[in-house]
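The points are numbered and can be read beside the sequence and the model.

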Amino acid sequence: MIKLIPSILVLLLLAACKETARPVLAPEYLHPEKDMHLITSLINNSDSTIALLYGNEPAIQYGKAIEKVHRSDEKYVLVTAHLRQMPHWYGTNMNGPIVSIEQVAAHLHEAGNISYAYSKHNREGEVLPDTVGQAARIRFIIDQPLAVAP
Amino acid sequence: MLAATAGRGSFTDMETRKFTSRQRKWIITAGIVLFVGIGLQFTSPAFTNPPVTNEIAVPDEVLAIFQKACYDCHSNNSQPTWYDRIAPASYLVASDIREGRSRFNFSDWDKNPPAVRELLLWEMVNTIEQHKMPLALYTWAHPEAKLTATDLTTLKNYVNTLPGRHRVDTAAIMQPDASHTPVNTPVSTTGIAYPADYKNWTIISSTDKFDGGSMRVVYGNDIMVRAIEAHQLPFPDGATIVKVVWGKQPADSAGNVLPGNFQNVQVMVKDSKQYASTEGWGFAKFDGLQLKPYGKTADFAITCINCHRELVPDQDFVFNIPTK
């Protein structure tokens, strides 16, 4: 019995060590966009980022249309995350912490022309500096082709 | 005094008898062990090497690593040592060889389609990197089979030269039309129906699977997402994930890589009773724009779970979940 107690303690210790090896889930890497659907995914190995572009229904319809004419009620959200090696599999990289969230919303003017409001912030809502110029960034986001998925 | 002496004499006699009795037990036990041990040798499994039909063709330095650490169980050129052939160890060795050859066999390599061969090679790298292979008991008995960091680097360098590593999708992007739309909801041989509403679910991860030239977006249903938010592992029954798989277009001038052609949709459904033999997960795959269910029988799920079981047992056998 005297020998048994330390053995049990060692086993419990080993079990506790094994427990700490269990991965910690990271819900903060998720960024669900209500009433929006995926337009496409973008990988950029130069920047070590991976991004998901979401759009509302008008934006999705634009993606499906053969004649490409933007509508005034389109909304887009581009969520960019760090690209990192997938744990447990050398051969795949996956999203990590979110780097930025860019939002583009179309706006119809009385004259009939459409302008776009653009914002870029981090997951905590802090505004991030615009480093590439809004016009180019807006065009990049709204002109992404819709990824084919049945 | 006499009584005391008589008493001591009696105690010594008992000690002698007890000691003799203990010895007798040891002798009997040793005899039984010897008898059973010798008997076991007559039923010990024989080790045979079937003919080599198609040896794997890899660079010499890679082949040397496989021969050193893997061939005893994963080829038709097993070379058990004399102590491997002694029962009861021989039973374990025979079982490992049987299991190893059934998983993949370097001597029967062309039995696997090219894409599977590549996947197996990447899987080997990963099982070695995570110290799952070669088996610890095997390297304990065969120290010469231990792999070094240099061996692993050699293997990594090799898999990075495989065609899938650099595959890009340059074909025109196929758009779905009426001819692609299945009349009925496709159902996998594992009993899983194509979950057409997955696009309304939450995306839980996105990946660049550069080992095979594909990119993926992974959706989770409400049960799955709630479990992630609650840090709940293992995942509850009803949790479902859907992986949408595309090829990869060549990178643009800014380095952006966009989805190429749609390849397939892969599904994992947690049902601990229905899929008890595959760790509670049901697997399904629907190929191409016509969403053709993959696999002639439900046995393809065994291949899936073999890899998941080996590499991500602590993640409830799921790779594509967001973890720190």
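**Notes on the chain contact, the domains and the helices**

1. Strand β4 of chain A and strand β1 (residues 202–209) of chain B are joined by two bridges, and the two strands run antiparallel. One position to look at is A:N93, which stands opposite B:D208 in β1(B). The model is a predicted one, and the points below should be read with that in mind.

2. The contact between the chains draws 37 residues from chain A and 47 residues from chain B. On the chain A side, the elements giving two or more residues are β1 (37–44), β2 (49–55) and β4 (93–108). Which of them gives the largest share of that side? It is β1(A), with seven residues. Sorted by class, the chain A side that touches chain B holds 24 nonpolar, eleven polar and two charged residues.

3. A backbone detail of chain A belongs here. A:S48 sits in the loop between β1 and β2 of chain A. The phi angle of A:S48 is near 55°, which is a positive value in a residue other than glycine.

4. Chain B is divided into domain 1, covering 60–165, and domain 2, covering 178–315. The C-alpha centres of these two domains of chain B are 28 Å apart.

5. The axes of α5(B) and α7(B) come within 10 Å and cross at roughly 155°. Angles over 145 degrees count as roughly antiparallel, and α5(B) and α7(B) are therefore roughly antiparallel to each other. Their crossing is left-handed. From α5(B), the contact is made by B:L121, B:W122, B:M124, B:V125, B:I128 and B:E129; from α7(B), it is made by B:L152, B:L155, B:K156 and B:V159. The residues of this contact of α5(B) with α7(B) divide into eight nonpolar, no polar and two charged.

6. The residues in contact are B:E61, B:V62 and B:I65 of α2(B), and B:D151, B:T154, B:L155 and B:Y158 of α7(B). By class, the contact of α2(B) with α7(B) has four nonpolar, one polar and two charged residues.

7. B:L155 of α7(B) can be followed through both helix pairs. In the pair with α5(B), B:L155 is among the contact residues of α7(B). In the pair with α2(B), B:L155 is again listed for α7(B).

8. Two peptide bonds of chain B deserve a look. The bond from B:M133 to B:P134 is cis, with omega near -10°, and B:P134 is placed in the loop between α5 and α6 (136–141) of chain B. A cis peptide bond also joins B:L233 and B:P234, where omega is about 0°. B:P234 lies in the loop between α8 (222–229) and β3 (240–248) of chain B.

Key
Residues are numbered from 1 along each chain as its sequence is written. Chains are lettered from A and ligands numbered from 1 in the order in which they are written. This is a predicted model: local features need pLDDT of at least 70, side-chain atom pairs count only at pLDDT 80 or more; totals for chains, interfaces and linings use all residues. Two residues are in contact if their C-beta atoms, placed from the backbone, lie within 7 Å. Helices (H or I, at least four residues) and strands (E, at least two) are DSSP runs, numbered from the N terminus. Ala, Val, Leu, Ile, Met, Phe, Trp, Tyr, Cys and Pro count as nonpolar, Asp, Glu, Lys and Arg as charged, and the others, Gly among them, as polar. Two strands pair if DSSP finds at least two bridges between them. Domain bounds come from an automatic or database domain assignment. Axes are lines fitted to C-alpha atoms, for helices over the stretch in contact, and angles run from 0 to 180 degrees between N-to-C directions. Angles under 35 degrees count as roughly parallel, over 145 as roughly antiparallel, 65 to 115 as roughly perpendicular and the rest as oblique. A crossing is left-handed if the near helix is turned anticlockwise from the far one by less than a right angle, and right-handed if clockwise.
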